[in-house]
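This briefing is intended for a reader who is meeting this structure for the first time. Please keep the sequence and the model in view while reading the points that follow.

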Amino acid sequence: MTEQTPATGIPDLLYSEAENDLRQAVRSLFSERCHPADVIARTETAQTYDAALWQALAGELGCAGLLVPDALGGAGASYREAAVVAEEAGRSVAPVPYLGSAVVATAALLSALSASASPSDAEQDRKLLAALAAGTVTAALAVPFETGPGSELPATVRVVGALPGDMSGAPRLTGTAPRVADALPADVLLVPADGVPYGLYAVDATAFGVTRTPVVSLDATRQLCDLTFDATPARRIAGGDAATAAVFAALAAGTAMLAAEQLGLAEQCVAMTVAYAKERRQFARQIGSFQAIKHRLADLWVSVAQARAAARYAAACLAAGDPDAAVATSMAKAYCGDVAVKAAEECVQLHGGIGFTWEHPAHLYLKRAKSGSIAFGTPDRHRAAIGRLVGLPGLPGPEETA
């Protein structure tokens with residue numbers, strides 16, 4: 001539950017003791033098992049995701065089940081706690097599918113479960129959520145990574161008739177879903193598909209007709225892939241308005257948690273650059289003593305502090321179900337996206353020649369920052385969305401762009 005100040009009812013944006021304890025546990029894990037040199041080396045292999053690290057984060061620490069209720073085997077926490085883990089994942093540029101599975105796919109399933117009218121379907125959804133919470137199953141939402149909340153959903157997958165001789169009666173899907181994040185290590189794919197009515201379907205990633213093709217991605221620590229379905233058997237999770245609501249809930253959750261990830265990334269870039277500025281010497285002086293460097297780092301620190309407020313407010317609004325959540329989420333994504341890219345650029349430039357080398361981790365942060373700024377809608381698109389949501393003159397209202 002979101003903590004609020006007793007006098008005003010405004011969400012308390014400070015980290016609670018439980019959140020700080022969670023941060024320490026996650027940071028300790030990443031410090032031990034997510035060294036920058038190892039991450040760089042992994043990007044040069046076919047297995048860009050670290051399955052062992054994900055199992056430790058998801059299963060041992062229980063971070064995969066933060067959003068899952070206690071009754072389903074999860075931690076029963078909120079988006080505030082999930083945001084803390086996202087910050088640490090950004091700080092370490094961790095190659096794990098936390099965002100795609102523990103946030104986006106989980107949020108879609110939770111929304112679909114709340115609207116489910118079928119006891120049998122609800123039971124299967126509960127079992128899937130329990131498996132996700134335990135870290136034994138990983139899932140991904142099959143929509144392009146750049147799709148933001150409120151965007152028109154691409155109609156690239158459709159429901160088709162059963163194959164000749166198929167007695168199962170299971171729906172089958174045909175089509176493509178390009179540029180999907182965290183789908184390569186996924187066991188289950190949640191696929192929005194056109195049909196009568198529109199629906200959200202669960203597909204076994206190893207099922208007949210599923211093809212996963214890795215895409216050359218800017219951020220190799222979160223590699224995208226193209227999904228192809230050819231008469232693939234599926235199970236419907238939700239249909240009609242419930243399916244649309246589930247997809248939009250997932251995209252909103254992903255947007256807010258990605259903003260938190262970008263905050264952690266920006267904080268680490270500032271910390272790395274300040275540490276280097278204290279060590280590197282030119283003209284018999286530490287470069288951090290030069291006024292121009294001081295001003296650049298001070299400006300960056302202020303921007304990161306502002307980004308922290310925006311990201312924390314978005315997480316708090318989602319946790320409380322606040323009606324301001326849509327505005328807060330777009331505000332956080334727009335601001336944190338720009339700050340993360342700026343922080344990563346400054347990190348590369350102020351490290352001088354070493355910052356441009358492959359061996360130094362600065363390029364990992366720049367690539368993750370730039371990729372994240374495009375994901376779930378660019379900063380410009382979110383600024384336009386804010387204008388519509390708050391009714392700025394000259395822009396269509398939210399009811400006109402739904």
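In this predicted model, Arg91 and Glu267 form a salt bridge whose closest N and O atoms are 2.7 Å apart. The pair links distant parts of the chain, with Arg91 in helix α4 (residues 79–92) and Glu267 in helix α7 (residues 240–279), 176 residues apart. Arg91 counts as buried because its relative accessibility is 14%, a value under the 20% limit for burial. Glu267, also at 14% relative accessibility, counts as buried as well.

**Salt bridges**

- By the rule applied here, the count of salt bridges comes to 18.
- Side chains of opposite charge can pair when their charged atoms come close.
- Glu267 also meets the side chain of Arg308 in a salt bridge, at 2.7 Å from N to O.
- This pair again links distant parts of the chain, as Arg308 belongs to helix α8 (residues 291–320) and Glu267 to helix α7, 41 residues apart.
- With a relative accessibility of 28%, Arg308 counts as partly exposed.
- Salt bridges with shared partners join Arg23, Arg27, Glu87, Glu88, Arg91, Glu267 and Arg308 into one network.
- Another salt bridge is formed by the side chains of Arg368 and Glu261, with a distance of 3.1 Å from N to O.
- Here helix α10 (residues 362–374) supplies Arg368 and helix α7 supplies Glu261, so that distant parts of the chain, 107 residues apart, are linked.
- Both Arg368 and Glu261 are buried.

**Overall architecture**

- The protein contains 11 helices and 10 strands.
- Its radius of gyration is 21 Å, close to the 21 Å that the globule rule gives for 402 residues, so the protein is as compact as a globular protein of that length.
- Taken along the principal axes, the box filled by the C-alpha atoms is roughly 80 × 50 × 40 Å.
- Of the 402 residues in the protein, 52% are buried.
- Among contacts between residues at least 6 apart in sequence, 73% join residues at least 24 apart.

**Surface and charge**

- The accessible surface of the protein comes to about 17,100 Å², and carbon and sulfur atoms account for 57% of it.
- The protein has 31 positive and 41 negative charges, and the mean positions of these two sets are 6 Å apart.

- Gly148 is located in the loop between β1 (139–141) and β2 (157–160).
- This glycine counts as buried, its relative accessibility being 3%.
- Leaving aside neighbours within four places in sequence, Gly148 is in contact with Leu251, Phe376 and Gly377.
- Ala340 is 192 residues from Gly148 along the chain, and the C-alpha atoms of the two are separated by 18 Å.

**Backbone features**

- Phe376, one of the residues in contact with Gly148, has phi near 55°, a positive value in a residue other than glycine.
- The position of Phe376 is in the loop between α10 and α11 (379–389).
- Phe376 is buried, with a relative accessible area of 4%.
- Ala231 is not a glycine, yet it has a positive phi of about 55°.
- Strand β7 (residues 224–233) holds Ala231.
- At 9% relative accessibility, Ala231 counts as buried.
- A cis peptide bond, with omega near 0°, runs from Val196 to Pro197.
- Pro197 is found in the loop between β4 (188–193) and β5 (199–204).

Key. Residues are numbered from 1 along each chain as its sequence is written. This is a predicted model: local features need pLDDT of at least 70, side-chain atom pairs count only at pLDDT 80 or more; totals for chains, interfaces and linings use all residues. Side-chain values use heavy atoms; hydrogens and water are left out. Helices (H or I, at least four residues) and strands (E, at least two) are DSSP runs, numbered from the N terminus. The radius of gyration is taken over C-alpha atoms; the globule rule is 2.2 Å times the number of residues to the power 0.38. Buried means under 20% relative accessible area, exposed over 50%, partly exposed in between (1.4 Å probe, protein chains only). Contact means heavy atoms within 4.5 Å. Accessible areas come from the Shrake-Rupley method with a 1.4 Å probe; for residues, only the protein chains shown count as cover. Lys and Arg count as positive and Asp and Glu as negative; His and the chain ends are not counted. The place of a charge is taken as NZ of Lys, CZ of Arg, CG of Asp or CD of Glu. A salt bridge is a side-chain nitrogen of Lys or Arg within 4 Å of a carboxyl oxygen of Asp or Glu.
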